[in-house]
Amino acid sequence: MSLLERFGLKRRVPLRLVATLGDPVPGDAEAARALLKGEIVWRGERFVLRSGDWDLPSASEAFRTHVHGFAWLRDLAAAMRPDEATEFLSPILDGWLSRYGDPGDLAWRADRAGLRAAFWILHAPLVLNTDAERRKTLLKTLVMSALHAERTGSKLPRGMPRLHAAAGVTLGALLIDGGGPAPKRAEKLQADAAESTVLPHGLPASRAPADLLAVLEWVQVCRLAYQAVREPLSPPLEELDARARAGLKAARLGDGRLTALHGGNICRRSRIDHALGWPGQAQRGIGAGADSGLQRLENGRTVLLFDAGPPPEPADNEAAHAGALAFEMSDEAERVIVNVGGDRGLRGALDARLKTPVRYSAAHSTLILADTNQSAVARGEPLGAGVDTVSVEREDEDNGLRVTATHDGYRAAFGFLHERALRLSETGREIEGVDRLIPAGRKRRRAAELAIRFHLAPGLDITPTADLRGALVRTRSGALWQLKTDSGTVSVDDSLWIGEEGRAIRTRQLVVSDEAPADGWSGRWTFRKMG
């Protein structure tokens, strides 16, 4: 940071906050218990506060953002009474200020500065409840954080980092009296963040629906700030809220929780309902149409969600999954067909040993060729070469809904395109699927084993049929679904499912196995509700 920029950041000192806000998002109970022991715990990483090593040399960038953005103040507020929290926080703030009080690289990245400004304002009664001289120092750092996010927020990677910066700038512009960011600049950052965080069809740029919850939570924080100064929510945030709501509603299965795409957790229904209960209205006509990477088919009591979009850009989701053309299905409030899932959107963490395997194609209810991932998956790395293009066509027929999608993930290695057509009957009692491997490209093709996997929700009873061409699946409520296939054989295998707390739960899967000859392959299967 240049001397001129440092001078610019320090040119004004805020006199006061014009209002205080209540944080609309509750803290995490487990994280709160860890804070009582002097540790910040988040997504499997921990920082022992008494160590004082705020540089966090072995931590992930995401954890550094959590710590230096003071997002853990939300958990502290849940762990202690205000007076206890203030006393607990005071030496921690002093230690942080002695190391990072002046702008630098690590703690002053724009998203971290924006988060810090937002959380210090949200929890001002804990942060600023001190003597006048110390309060002045803290307020000075708060305004420096907001101004730094204002100046450099547009340089951040697209998506949530820009939204974090914009949130801090917005709260600073509205609530800091005597030196905060400019309101017009805040709206410009909001518009930039909105455009890059949630796409026009309502899905987040990460393609993990769980991210939409975080978007709505930050919009609500900003809405409260606008209400505090008796102003309406800004147009960019109003539009972002409408898109995110539409996407979130489209991504819910019959149990009210989310579909597990690209590492996104299914999330607790209470959290989803809480977010959708805030003021706002979903934008109509988006969220599951032909232009969306998530196709929603709903008839009768059946909801089917079909991943018919390309993987996200690496910068938008560094741990995306290789699960193109996978689908999940629910019958009323019961999940039947699922993907293994992930922990994105949770404050807890999945077992580290599972973080890479859950990204494999075989962890999804789709077709896998030669036990090979559609896109390259490596530990700690974004998706590699594989799926580049996904085409999709949707037909809303008189007697049902049909979506046909094709991906090219197996073209380079095997010379095939995978096409999947899914049709949900008008009554919702029958799902018809057709999977095809279509010769494409110049790659010399050879016969290869294939597996169509149907991962099942926990607690279902499975009875394979004697001819090995199907199985009966009974849900906990007693509903009976029958799988039949005209190609290959059906077997039962073990599987896992990641629940709303991030724990892996043992379950099973149905697997249709066959061999694809060099000139292509086609197989038809049905799931029919028998009772």
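Biologist: Is the crossing of α11 and α13 left-handed or right-handed?

Modeller: The crossing of α11 and α13 is left-handed, a term used if the near helix is turned anticlockwise from the far one by less than a right angle, clockwise being right-handed. Please note that this is a predicted model, in which local features need pLDDT of at least 70 and side-chain atom pairs count only at pLDDT 80 or more, while totals for chains, interfaces and linings use all residues. Residues are numbered from 1 along each chain as its sequence is written, and side-chain values use heavy atoms, with hydrogens and water left out.

The helices themselves come next. Two packed helices are described by the angle between their axes and the distance between the axes. Helix α11 covers residues 210-228 and helix α13 residues 269-276; their axes come within 10 Å and cross at roughly 40 degrees. Helices (H or I, at least four residues) and strands (E, at least two) are DSSP runs numbered from the N terminus. Axes are lines fitted to C-alpha atoms, for helices over the stretch in contact, with angles from 0 to 180 degrees between N-to-C directions. The two helices are therefore oblique to each other; angles under 35 degrees count as roughly parallel, over 145 as roughly antiparallel, 65 to 115 as roughly perpendicular, and the rest as oblique. On the α11 side the contact (heavy atoms within 4.5 Å) is made by L213, A214, L216 and E217, and on the α13 side by R271, I272, A275 and L276. These residues divide into 6 nonpolar, no polar and 2 charged. Here Ala, Val, Leu, Ile, Met, Phe, Trp, Tyr, Cys and Pro count as nonpolar, Asp, Glu, Lys and Arg as charged, and the others, Gly among them, as polar.

The model has 14 aromatic pairs, defined for rings of Phe, Tyr and Trp (its six-membered ring) with centres within 6.5 Å; planes under 30 degrees apart count as stacked, over 60 as edge-to-face and the rest as tilted. For F119 and W218 the ring centres are 5.4 Å apart and the planes stand at 80 degrees, so the pair is edge-to-face. Because F119 lies in helix α6 (residues 110-122) and W218 in helix α11, the pair ties together parts that are 99 residues apart in sequence.

The crossing of α10 and α12 is left-handed. In it, E187, Q190, A191, A194 and E195 of α10 meet P235, P236, L237, L240 and R243 of α12, a set with 6 nonpolar, 1 polar and 3 charged residues. Helix α10 also packs against helix α9 (residues 160-175), at about 155 degrees and with the axes 8 Å apart, which makes α9 roughly antiparallel to α10. The crossing of α9 and α10 is again left-handed. Among the residues in contact there are L163 and A166 of α9, and A186 and L189 of α10; the whole contact divides into 9 nonpolar, 4 polar and 2 charged.

Finally, the strands. Strands of a sheet pair through backbone hydrogen bonds, either parallel or antiparallel. An open sheet of 8 strands, with antiparallel pairing, has the order β10-β11-β12-β13-β20-β17-β16-β15. At its edges stand β10 (390-397) and β15 (461-464), each with a single partner strand, so one side of each lacks a neighbour in the sheet. Neighbouring strands are turned by 15 degrees against each other on average, direction ignored. Two strands pair if DSSP finds at least two bridges between them. β12 (residues 416-425) and β13 (residues 430-439) are antiparallel and joined by 9 bridges; R420 stands opposite D435 in β13. In their hairpin, with 4 residues between the strands, G428 takes a positive phi near 80 degrees. β13 pairs with β20 over 8 bridges, in the antiparallel sense, and the partner of D435 in β20 is G523.
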